[in-house]
Amino acid sequence: MSAELRQRILDLVNSPDYQPAKPRVIARRLNLTAEQAEGIKRSIKRLAREGLLVYGGNRVVLPMKSVAASAPRNRIIGVFHRTQKGYGFVRPRPGTAAAALKERDGAIRDIYIPAKRAGDASTGDVVVVELLRRRRDEPGVRGEIIEIIERQTQRFVGTYFERGGAALVQVDGTVFAAPIAVGDPGAKGVRPEDKVVVEMLRFPSPVQEGEGVIVEVLGPRGKPGVDTLSIIREFDLPDEFPNDALDEARAAAAAFDENDLSGRLDLTGATVITIDPIDARDFDDAISLEKLDDGRWRLGVHIADVSHFVRPRTALDREAYARGTSVYLPDRVLPMLPETISNGLASLQPEKVRYTKSALMEFTAEGLRTDATFHHSAIRSCKRLSYEQVDEYLANRAAGRRRLGRPVADLLDRMVELAMVLRARRRRLGALEINMPEVKIDLDAQGRINGAHVVENTVSHQIIEEFMLAANGAVAEFLDQKGVPFLRRIHAAPSPVKLQALSEFLKALRLKHDRLESRFELQRLLDEFADKPERHAVHFAVLRSLQQAYYGPEEIGHYALAIEHYCHFTSPIRRYPDLTIHRTLDAVLRGAPPRTDFDQLVVAGQHCSQRERRAEEAERDLTKLKLLSYLSNRIGEEMDALVTGVEPFGLFVQGIALPAEGLVRVEALTDDYYVFDRDGHCLAGRRSGRTFRLGDRLRVAVARVDLERRALDFRLAQGKAPQGRSSKPRPAPAPKGYVPPNSGRRSPGRRMK
């Protein structure tokens, strides 16, 4: 769906004289073409999922504001999440919640829905909740679901089996506790233990069983590739491009002439290189750098000019917007753009002329940016380097100079010098650095786990990180000075409630600290405990106190980076927000005001943020699925782990060498009777006084693996005394690892990106 069509639908539905209508009526009112009208229902459902309008159970389209305004004060619209035990919670949508639901910091409280009052709603559904009188034995605000406005999905992935002559599917995860009857599956040739896609005909509820039909057989459970396909279907990830988008990509390839540099700054003779992961498939950023006679620097960050090939309101653009981002699964990539562009025309491959957008920035010797200009340009990368190659060069520069040649070696020497200056300057200005290990799983040719490794944030990573940060900030500041709206990358400051909780947590650990409202105090805290036993507890707690970054036009700034104006400019091959920045920059450089207004950017930001989170959840779930499959044959295997969460029912832990996440249930802590200390954020033994807190290091063993529920239980390793805290802290060596602040590249620090 194009941005123009989205806006036309919203303008019509929100107009004062709008009368509620069905999608086909809306299509007629908008005078849509037959092709546009065919997809109007899908477009309206997408807008409803984003909370911009309501697509009611009677298939009538309503403006969200009218539903919110007409709803009684004790009725709330929100998104439902069901737990495995049947009860659930509704997160109210902004603008629809009663004042009584607000916390001290203005955040909206979730509404508790008892199982018998949830009806047939499932996780992700948009629902209407009627508030109920609170009972002593139930937490918080209670409610009953009285209407389902919009289903999150009608399709689910699960495992087929037969019992007592009945054909059933156990849906993956905890969406439904009971299996779903699927009638006669013979037409699909399904066999027991096959992974399948089910379309729901009737959702289960406390008074009726669920019923569905098998629409796709993915293959036998455990067969290589089936787990990936299951996640793709579960998250509705697009894995094939429509023909019209592919045709446009081929046409762009046929029309591309690398000798036509008209209107572009010719940088094809400059020394320009790319530095990327060794397994990178596309290359969208390149670097040049000069040191001037007076000690100043001229840095060039050259970004693939995707906007030259992907024009607004084309099939390519519609598909790129719908995807929002490339999805990086452990064993494959689902690109935002067809490979003709992402791996071909736009990719900054060595020794090939490629179109770019260049940010040319000048810095003082101390790292202060004094000038920035932006150009349509063309480069010819002279070398593709991996992070590992750069680190090898920095470890042995003499041998590296012979291997790389003098021009590239000299460039690398300049790059590391400037990058470290910029890095030190950012720290002085208050940028946060949270040091947490990132572990990546290693896969064999069949997509099965055969190990894992810690991703080190070496100097080579830091070089590129600093230069991408510099370019992103320079572009955002330039667009802000021009007074045009653009899609910013926003990271809001922590809420006072979160900071208060962090302060109380630190007090419980008997850790001294000053006022945490200051970024400098937070970073001082992180630095102070970088090499102490409490390191993981402190870093986990600080990370959890921070908000999640998102896209939007509001001038809020980027808290973690300590930057007032920030956007994503450096990765347009794999992120749609970057493409919007390129187009806005195009318009400004042409002297033509951009067409996009503030409200459109709000919508685009919400969509791109949602797509980003969907991609991250899909990657996380597939990684978890592969880890569970790996551990299902290793019951009893021991590993070192860190406590990542403490609840009354147990400890959430994550492996250090292998990033498996699971639960040590409180009943498995058999050496004592443990109770949850809410003030101390820990589980405490009544007799021994031993405690388990966030960040503690434990030796655990795999106790139980449930592939269908995607659940992993650990127990403390036998013969090992529980390594929770006693009166004195224990030293605990930490795996090396680093979470850099966001540059717009893929990095461990996604919460702050």
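Predicted model: local features only at pLDDT ≥ 70, side-chain atom pairs only at ≥ 80, totals over all residues.

Biologist: How much space lies in the second largest pocket, and which helix supplies the largest share of its lining?

Modeller: The second largest pocket holds about 840 Å³ of space. Helix H1 (3-13), helix H8 (315-323), helix H17 (576-590) and helix H18 (598-631) each supply at least two residues of its lining. The largest share, eight residues, comes from H17.

Biologist: Of the residues that line the second largest pocket, how many are nonpolar, polar and charged?

Modeller: The lining is made up of 33 residues, and those nearest the centre of the pocket are Pro312, Arg313, Arg583, Arg595 and Thr596. Sorted by class, the lining of this pocket comprises ten charged, seven polar and 16 nonpolar residues.

Biologist: Is Arg313 buried, partly exposed or exposed?

Modeller: Arg313 belongs to the loop between strand E16 (297-304) and H8. Its phi is near 60 degrees, a positive value in a residue other than glycine. Buried means under 20% relative accessible area and exposed means over 50%. The relative accessible area of Arg313 is 45%, so this residue is partly exposed.

Biologist: Asp236 also has a positive phi although it is not a glycine; is Asp236 buried or exposed?

Modeller: The phi of Asp236 is about 55 degrees. This residue sits in the loop between helix H6 (226-234) and helix H7 (243-255). Because its relative accessibility is 59%, Asp236 counts as exposed.

Biologist: Which residue has a side chain joined to that of Arg710 by a polar contact?

Modeller: Arg710 lies in the loop between strand E32 (697-706) and strand E33 (711-716). With a relative accessibility of 8%, Arg710 counts as buried. Leaving aside its neighbours within four places in sequence, Arg710 is in contact with Asp172, Ile231, Glu234, Asp621, Lys624, Leu625 and Leu628. The polar contact between side chains, at 3.4 Å, joins Arg710 to Asp172.

Biologist: Why can the buried residues of helix H10 be said to line one face of the helix?

Modeller: In H10, residues 387-395, the buried residues are Tyr387, Val390, Tyr393 and Leu394. Viewed down the helix axis, these residues line one face because they fall within an arc of 125 degrees.

Biologist: Against which strands and helices do the buried residues of H10 pack?

Modeller: Two strands take part in this packing, strand E14 (273-276) and strand E21 (383-386). The helices that the buried residues of H10 pack against are helix H11 (397-404), helix H12 (406-428) and helix H13 (459-481).

Biologist: Which residue caps the N-terminal end of helix H15?

Modeller: Helix H15, residues 519-528, has Glu521, Leu522, Gln523, Leu525 and Leu526 as buried residues. What covers them includes H12, helix H14 (496-508) and helix H16 (535-545). At the N-terminal end of H15, a side-chain oxygen lies 3.1 Å from the backbone nitrogen of Phe520, and the capping residue that carries this oxygen is Ser518.

How values were computed
Residues numbered from 1 in each chain as written. Heavy atoms only, no water. 1 Å grid on protein atoms, 1.4 Å probe; cavity = no way out; pocket = protein on both sides within 12 Å on 5 of 7 lines; lining within 4 Å. Points joined across faces, edges and corners; volume = space filled by probe spheres on them. Helix = DSSP H or I, 4+ residues; strand = E, 2+ residues; numbered from the N terminus. Nonpolar A, V, L, I, M, F, W, Y, C, P; charged D, E, K, R; others polar. Buried < 20%, exposed > 50% of the residue type's maximum accessible area, 1.4 Å probe, protein only. Polar contact = N/O pair within 3.5 Å; in protein donor to acceptor, adjacent residues only side chain to side chain. Contact = heavy atoms within 4.5 Å. Arc of directions from axis to C-beta.
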